[in-house]
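Hi there,

Here is the structure I promised to pass along. Have a look at it first, and then read on for my notes.

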Amino acid sequence: MSAEPVAQPLVGFRRWGTRRGGLYSGIFVAGRFVPNPALAMAAPRAKPTPWPTGEDRVAKCFALRGHDAPHPSCNCGFSAYYALPAEPDLLAPEAIWGVIAAWGTIVEHERGFRAQFARTIALLDADNPLDHMKPGARAKAAAEAYEIPLLEREELIAYAGWHGELRATPA
Ligand SMILES: [Zn+2]
């Protein structure tokens with residue numbers, strides 16, 4: 001594994017948790033969304049910030065001894081899968097999938113990559129079975145806040161391919 005700069009943007013699929021239109025990195029535990037646990041470990045009082053709207057996001061490492069992100073032997077950087085899973089898991093009401101364009105230094109893995117720079121370019125229009133209150137409303141709010149399209153699966157994959165190198169191998 002190495003960290004190499006790429007010439008043209010890669011595109012990849014990832015999930016976020018969305019709150020009030022903001023997209024947050026994080027994990028899903030027992031049906032709940034936990035924003036940025038790495039930040040919470042490093043700085044318990046720090047407030048997680050949503051991915052910026054209308055600008056690029058630059059990766060940071062929250063490990064004790066910092067380094068430029070992404071680092072080959074860490075898990076920092078913006079991670080995404082090369083392929084959109086056949087059934088993207090929606091593990092909390094806030095869960096949402098989408099596409100990022102990513103560039104700068106890239107660490108490649110078997111099923112995806114971690115990147116230095118990223119921008120969210122579109123979101124997946126999918127029914128979230130856990131979102132009983134207002135299914136679809138959260139995704140719509142995020143798409144509006146980021147001024148990006150909310151697309152169904154096939155459209156999302158095609159849209160991704162127009163914005164960068166799509167390395168997804170057909171399942
Ligand atoms: Zn790191």
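**A hairpin and some backbone details**

Gly26 sits opposite Pro35 in S5. The model is a predicted one, and this pair belongs to an antiparallel arrangement in which four bridges join strand S4 (residues 26-29) to strand S5 (residues 32-35). Two residues lie between the strands of this hairpin, and Ala30 takes a positive phi near 50° there.

Why does Ala30 count as exposed? Ala30 has 7 C-beta neighbours inside 10 Å, and residues with 12 or fewer are classed as exposed.

Arg20 is another one to check: its phi is positive, about 45°, although it is not a glycine. You will find Arg20 in the loop between strand S2 (10-19) and strand S3 (22-24). Arg20 counts as exposed because it has 9 C-beta neighbours inside 10 Å.

There is also a cis peptide bond, from Ala69 to Pro70, with omega near -5°. Pro70 is in the loop between strand S6 (57-58) and strand S7 (78-81). As background, most residues other than glycine have a negative phi, and most peptide bonds are trans.

Now for the whole chain. The protein chain has three helices and eleven strands, in the order β-β-β-β-β-α-β-β-β-β-α-β-α-β along the sequence. Buried residues make up 37% of the 171. Of the contacts with a separation of 6 or more, 68% are between residues 24 or more positions apart.

Technical notes: Residues numbered from 1 in each chain as written. Predicted model: local features only at pLDDT ≥ 70, side-chain atom pairs only at ≥ 80, totals over all residues. Buried ≥ 20, exposed ≤ 12 C-beta atoms within 10 Å, placed from the backbone. Contact = placed C-beta atoms within 7 Å. Pairing = 2+ DSSP bridges.
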